[in-house]
Amino acid sequence: IYYSHKMEIDLQDTWGQTYTFVGCLVAWFILGTIALNVPSCTKRIPKKAEPLLRLKCVENIFAFGAIFAGIHPIFTGESKTGPNSDLNIFFLLAFTSYFVYDSIMTEIIGEGMTPFRIHHACILLFMPQTFFAGKYAVGFFMVEMGFELQSPLTRARTWLRMMGLRHTKLFVLVEHTYFAIYVFGRLFLAPYLFYEFIFCHNLDTWYIICSGIPLQTLFILSWWYCVKIYEVIRKNFRKYQERKQKGINYWWFSANPKVKELSYYYSSEKLPNAMEQINKSLPI
């Protein structure tokens with residue numbers, strides 16, 4: 001990989017890997033600092049919630065990168081257990097530095113919570129193993145893709161709520177699409193890709209053990225989150241029944257003034273529901 005016409009970075013070399021990791025870490029912090037200091041474009045977002053939401057814009061860069069890293073080998077035909085290419089090493093270093101950055105920045109703004117810390121600790125235990133093994137990066141990226149498919153919609157859902165569009169058809173569509181992709185990715189795709197990777201390939205025993213523990217922890221967190229999703233869907237269905245009974249319809253891009261007649265309107269406007277609390281603690 002060439003950073004300039006005068007300097008070549010060898011990603012198979014320890015110095016080159018260190019240089020790249022530090023460079024990526026600095027780049028993430030620069031992006032995070034910019035996100036925190038860009039002038040606000042709306043007054044609808046609560047001041048207390050704004051720093052975390054701004055940082056999640058940076059997270060979307062990581063999410064799209066992770067999805068690309070998982071899809072790319074499908075078209076190139078790279079082996080899941082083959083040696084790590086320069087591109088794969090770069091992705092591993094960039095993604096690892098992102099989780100280091102995100103862990104620090106979240107603590108700085110006072111938004112670190114236990115599930116969040118568990119998630120990032122598991123990733124930071126799993127990712128370096130793939131790096132030091134010198135192989136398996138493609139298999140890892142495919143599993144990570146299953147975890148990240150819903151990430152862009154997670155942030156879109158939160159932003160729509162903060163923009164005062166909680167009671168619109170657009171929000172309902174984004175929310176339930178997010179739920180569907182999350183359940184598919186976390187309960188089916190990621191576990192399938194992981195177990196297929198583990199049991200259908202001749203992996204080193206130490207790698208299976210050391211990667212299995214943090215990933216099983218992530219699966220447990222995801223299953224717990226799916227229970228919360230089920231609870232929210234049940235609440236949403238009861239809300240839909242009330243709207244149908246009172247003849248009040250949601251509009252697509254703005255709130256119908258009649259929604260103030262609904263029993264749940266003021267409570268949902270004043271207090272974040274359980275899903276918003278989970279989004280805050282599990283940005284995954």
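Entry on the model. I note that this is a predicted model, where local features need pLDDT of at least 70, side-chain atom pairs count only at pLDDT 80 or more, and totals for chains, interfaces and linings use all residues. Residues are numbered from 1 along each chain as its sequence is written, and side-chain values use heavy atoms, with hydrogens and water left out.

Entry on the chain. I find ten helices and zero strands in the protein chain, and the order from the N terminus is α-α-α-α-α-α-α-α-α-α. Both kinds of element are DSSP runs numbered from the N terminus: helices are H or I with at least four residues, strands are E with at least two. Of the 284 residues, 49% are buried. Buried means under 20% relative accessible area, exposed means over 50%, and partly exposed lies in between (1.4 Å probe, protein chains only). I also checked contacts (heavy atoms within 4.5 Å). Among those between residues at least 6 apart in sequence, 76% join residues at least 24 apart.

Entry on H5 and H7. I took helix H5 (residues 137-148) and helix H7 (residues 169-199); their axes come within 8 Å and cross at roughly 170°. The axes are lines fitted to C-alpha atoms, for helices over the stretch in contact, and angles run from 0 to 180 degrees between N-to-C directions. H5 is therefore roughly antiparallel to H7. The angle classes are: under 35 degrees roughly parallel, over 145 roughly antiparallel, 65 to 115 roughly perpendicular, the rest oblique. On the H5 side I list Gly139, Phe140, Met142, Val143, Met145, Gly146 and Phe147, which meet Gly185, Arg186, Leu189, Ala190, Leu193, Phe194 and Phe197 of H7. By class, this contact has ten nonpolar, three polar and one charged residues. Here Ala, Val, Leu, Ile, Met, Phe, Trp, Tyr, Cys and Pro count as nonpolar, Asp, Glu, Lys and Arg as charged, and the others, Gly among them, as polar.

Entry on Tyr136. I place this residue in the loop between helix H4 (114-133) and H5. Its phi is positive, about 75°, although Tyr136 is not a glycine. Most residues other than glycine have a negative phi. Tyr136 counts as buried because its relative accessibility is 1%.

Entry on Gln129. This residue sits in helix H4 and is buried at 14% relative accessibility. Not counting residues up to four places away in sequence, I find that Gln129 touches Trp206, Tyr207, Cys210 and Ser211. Gln129 and Trp206 are 77 residues apart in sequence, with 9.6 Å between their C-alpha atoms.

Entry on Ser263. I locate Ser263 in the loop between helix H8 (205-246) and helix H9 (265-270). At 59% relative accessibility, Ser263 is exposed. Leaving aside neighbours within four places in sequence, Ser263 is in contact with Glu242 and Lys246. Its C-alpha is 9.7 Å from that of Arg243, which is 20 residues away in sequence.

Entry on Tyr19. I find Tyr19 in helix H1 (residues 14-37), partly exposed at 38%. The C-alpha atoms of Tyr19 and Ile9, ten residues apart along the chain, are 8.1 Å apart.

Entry on cysteines. How many disulfides does the whole structure hold? I searched and found zero, taking a disulfide as a pair of cysteine sulfur atoms within 2.5 Å. Cys24 is buried at 10% relative accessibility. Cys226 is buried, with a relative accessible area of 10%.
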